[in-house]
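Open the structure in your viewer and keep the selection panel at hand. This tour goes from one selection to the next and says what is there.

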Amino acid sequence: MATDIVMPQLGESIAEGTIVKWLVPLGAQVKKDDSLLEVETDKVALDIPSPATGALTEILIQEGETVPVGTLLARLDYHSESGNGDSATSTIQSPVSSGHGHLTISGSPDLLSPAVRDLAAKHQVDLSRITGTGMNGRITKKDILEFLDKQGLAGKESGDSLMGQPASVTPSLEEELIPLSSMRRTIAERMVKSRQTAAHVVTFFEADFTTVEPTRQELHLTYLPFVIKAVTQGIHAFPILNSSWSNKGLILKHSVHIGVAVAVEEGLLVPVVKHADQKDLRQLGQEVADLSQRARSKQLQPEEVQGGTFTITNHGGTGSLFSTPIINQPQIAILGVGAVLRRAVVVNESIEIRPMAYLSLAFDHRVIDGATADQFMLMVKSVLEQPSWEVTS
Amino acid sequence: MTTSAIAHEVTYLEAISQALDEEMSQDERVFLMGEDIGPYGGAFRVTEGFQDKYGEWRVLDTPLAESGIVGAAIGAAMMGLRPVVEMQFADFISCAFDQITEMAAKNHYRWGAEVPLVIRAPFGGGTHGGPFHSVCPEAWFFHTPGLKLVAPSTAYDAKGLLKAAIRDHNPVIYFEHKFLYRRVKEVLPAEDYIVPIGEAEIKRTGSEISVITYGAMVHVALEAAEALDQEGIDMEVVDLRTLSPLDTDTVKDSVRKTGKVIILHEDTKTGGIGGEIAAILAEECFNALDAPIMRIAAPDIPVPYSPPLEDFFLPKAHDVITAARQLAAY
Amino acid sequence: MEISQSEFLHLYYFLKLTRALEERVTTLYRQGRIVGGAYTSHGMEAISVGYASALQADDIIAPFHRDMGAFLVRGITPGEVLAQYLGKRTGPTKGKDGNVHMGDLKRGIIAFVSHLADNLPVATGVALAFKLRGESRIVATNTGDGGTSRGDFHEALNFASVRRLPVVFFCNNNQYAYSTPLHYQMAIKDVVERAKAYAIPGEIVDGNDVASVYLTAQRAFQRARDGGGPTFIECKTMRMHGHSEHDSAKYVPRELLEEWKKKDPILNAERRMKELGYAGEPEFQEIHMRVEREIETAVEFAEQSPLPEGSEALEGVFAANPVEVLI
Ligand SMILES: Cc1ncc(C[n+]2csc(CCOP(=O)(O)OP(=O)(O)O)c2C)c(N)n1
Ligand SMILES: [Mg+2]
């Protein structure tokens, strides 16, 4: 039989103790209540008597070490003297019940919280038309907001709408009220929230797509797979771009999932190319084409628009040169790709016509600074301008 | 004297010592009184070495007589000194009750005499101290106009609030939690700072439920908030820090944001500070309330000694989690 | 008046029992099995054993934290004491309080609260009840030298004297109150001086001589019983260890302890009993063995006793109000 020797609590506020000396060598016999070790705390130094007779078979904490009260210090193999298996730890049990957990609140369906009444009154909602989803069928704030959402009449939040208060919800004769789609509402909410959350800064670069051209034509691809490739390599060099902000610290993502903004009829969707860094140009091309096509025909699965770690928006497709995109939260950066246009550029002291595009990186200045963003962009640029692209890259 | 260039973590208890030491060295009006605070350094060793540094008269060992000690400190304070009295345990503050509630608290109101006095009161349970070495007596004094009450939960606040208390022109009872003495620590700023009396602090921001608390329970609330985070319940933790005068603005702002509130304290429930906060919220934030106000506090019994009983008595993270789940589902 | 052989053997047994029990408390504390504070009366046992032994069965005591001997003499068993320390349900407070904070009116013990000297005014009230009802019972109370600085001490002495109440005040003057030496506690040499201000007769006894304490107490108790009013008895002794188990008492000069070690109450008692021819080594040894066995049984009882359930904490805040039927 073994008994545990633990660090005793020597004084009310004492949280830890230091082992000054083991008074019995490892393996030696000790009699019950004979001194076994010397312990020191902030307040006192004391000999600790052995809780049983036996051999000191294991010393887990060495002399000079400081450990919290209750820490296992050593084990004693003992011959039960009187048959009562006394153990130094036997007095303290973990709590099984508590004097407070029994507090309960109940909600009958007709019990509306003041906040719910307030919200309903503000928007003149007929509560009899709402089915409650709260405790026992209570109507909650969320229920009202969703109801309003369906009606397309109010902001998501009660008083302080993210979109600001509409001037008036009853249009005049010269106006027309176009109800908000839920996609519109979501986009609006997310965009405003992102601007309120992140410290947006945008940096612009220009890239030469000359070396991209032959491979692109050979594989029948758009420019986008090349940009994705360049971005994933940039992320490998600067992993911080693939992170998100939290109050406790930065969450660095080990997988690279690139979101690609796709314009659809009602607004915008951002399907995600998972593990983009592990795919070659051909695979990227196919996947982007497939995702965009299904985005337009509303056939994306929920998981296909989730989990992105970095987003690319290809605003150049509509002729735009550069932009100041809004970061897709909780990511920390978004890359805008302008139209690839043939421009006169200076190359080796002569003027040449090259396919050029502006790249705009919006980043969250809370997380990274300009220098890091620019180094990342230089990396993206140099990948795009690499002398020759492998078809299998 | 050389100070280590490497910033080291300072315990809550050391933070209190530092505050006393710094205030004593920069203001010679500050002196200490109490039982066994001299050569012994106090029952918890807060003033260890102080008598060697400041002499017998500024670190004054007193007879065992709390009423006499506080009364004498009030007299000295009115004469322009800044006494800091140590209660060996907050429990014994009851022996000085009338000096605190009648003399210290009412002097300025009646005849304009300032009483810049600090009473340090090591309080709270969780240390198996039993009914007479564990109490949270703040509510007795919360009901007394003219007293300021503070109760820090971190080493940073412990130091900053004690300095603010010593510099204050009013009687301040400084509730220092024994359980936290050697259990919480952090790196403190090298420069002089105070934590202003009367300002609560959001120790964790959240959007769904506000927990209003103070003292050791701040750590219980934070523990619960972390666990609830896993369940997708986003809880805010408001540390009152000062109990009187209450920072009602911070409390109300938090509740207006979340609509749901748990008031948590280690003191017993009936007549505790939680009741007052609940009343303020009902009076001034009624339209923001989205669920019943919940209170979690110790049951209305003395603090029992035996570990299972004391465990039962003290509010736990588990209790907060249970209440928060109900509020989230409400 | 001399003390009889059987009286002395009784006193000696309780000295030994108190010593052995408190030594066990110390051991359990250091093994981490007692989790709260542990205050003992090592070297001061003669005071509590002495005064409690001089009482009659229906008298009352209002003791303080160095009075383990008095608890034992009044019939609290070592098993109950250890159960109390271990927070067990079988302790006198069922786990609600720790160490010597226990009482039982059936055995004539008023439980101590930590707030020193709070027990003294209460003792005068007990005495007042006896006086009002014309009973010949008395009350004995004790406090430390430190406790005599509190207002409650003075309020109690004053009231007891004004009304000649049947109460006897003891003071365990062990020369320290925690770390505070007597000369920082009071400007007088003998605590008994305090009694003069209240016109209470005072006596000083050697607190390490159990026979003296016993005989002095007997006389004072008789006077109180006879309507003579209160007496104040200062028992000079020395605290031989830290204030509690977590105090190493470095502030006490070692020589002082060495000197007092020679005056140990148990050694004193043995010497005196030998002189009187009441007992010798064989008898001492026999009592020693008996005490050791009792303590072993007590430890076993306490350790095997159950801890209370958490919810038992809620019980007993108020007394039940039995319905009183008026006819
Ligand atoms: C009113 C009060 N103040 C402080 C304490 C803390 N305390 C416990 S014992 C003690 C010293 C008591 O000294 P004394 O009365 O001489 O008794 P001793 O412990 O020496 O027997 C102190 C200060 C207390 N219990 N009660
Ligand atoms: Mg004493």
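## Stop 1

Select Glu58(A), which is partly exposed at 31% relative accessibility. This is a predicted model.

Among contacts in chain A between residues at least 6 apart in sequence, 61% join residues at least 24 apart.

## Stop 1: chain B against chain A

Select chain B together with chain A. Here 39 residues of chain B are in contact with 32 residues of chain A. About 3000 Å² is buried between these chains, and carbon and sulfur atoms give 54% of that area. To find where chain B loses the most area to chain A, select Arg182(B), Phe312(B) and Tyr330(B), which together account for 24% of what that side buries. The elements of chain B that give two or more residues to this side are H8, E14, helix H11 (307–313) and H12. Between chain B and chain A there are zero salt bridges, and six residue pairs are in polar contact.

## Stop 2: helix H12 of chain B

Select residues 317–329 of chain B, which form helix H12. Its 13 residues reach 18 Å from the first C-alpha to the last, close to the 18 Å expected. Which residues of H12(B) are buried? They are Ala317(B), Asp319(B), Val320(B), Ile321(B), Ala323(B), Ala324(B), Gln326(B) and Leu327(B). These buried residues pack against strands E10 (209–213), E11 (235–239), E13 (261–268) and E14 (294–298) and against helix H8 (217–230) of chain B.

Staying in chain B, select Glu22(B), Glu23(B), Lys159(B), Lys163(B), Arg167(B) and Asp192(B), which are linked in a network of salt bridges.

## Stop 3: chain B against chain C

## Stop 4: the magnesium ion and chain C

Select ligand 2, a magnesium ion. Its protein donors are Asp145(C) (OD), Asn174(C) (OD1) and Tyr176(C) (O), at 2.0 to 2.1 Å. Asp145(C) is in the loop between strand E2 (139–144) and helix H6 (151–162), and Asn174(C) is in the loop between strand E3 (167–173) and strand E4 (176–177), so the pair ties together parts of chain C that are 29 residues apart in sequence. Both Asp145(C) and Asn174(C) are buried.

Next, select Glu45(C) and Arg19(C), whose side chains meet in a salt bridge of 2.6 Å, N to O. Glu45(C) is in helix H2 (residues 45–53) and Arg19(C) in helix H1 (residues 5–30) of chain C. Glu45(C) is buried at 0% relative accessibility, and Arg19(C) is buried at 13%.

Finish with Glu234(C) and Lys236(C), a salt bridge with the closest N and O atoms 2.9 Å apart. Glu234(C) is buried, whereas Lys236(C) is partly exposed.

How values were computed. Residues numbered from 1 in each chain as written. Chains lettered and ligands numbered in written order. Predicted model: local features only at pLDDT ≥ 70, side-chain atom pairs only at ≥ 80, totals over all residues. Heavy atoms only, no water. Helix = DSSP H or I, 4+ residues; strand = E, 2+ residues; numbered from the N terminus. Expected span 1.5 Å × (residues − 1). Buried < 20%, exposed > 50% of the residue type's maximum accessible area, 1.4 Å probe, protein only. Contact = heavy atoms within 4.5 Å. Donors = N, O, S within 2.8 Å, 3.2 Å for Na, K, Ca; no water. Buried area = accessible area lost by both parts, 1.4 Å probe. Salt bridge = Lys/Arg side-chain N within 4 Å of Asp/Glu carboxyl O. Polar contact = N/O pair within 3.5 Å; in protein donor to acceptor, adjacent residues only side chain to side chain.
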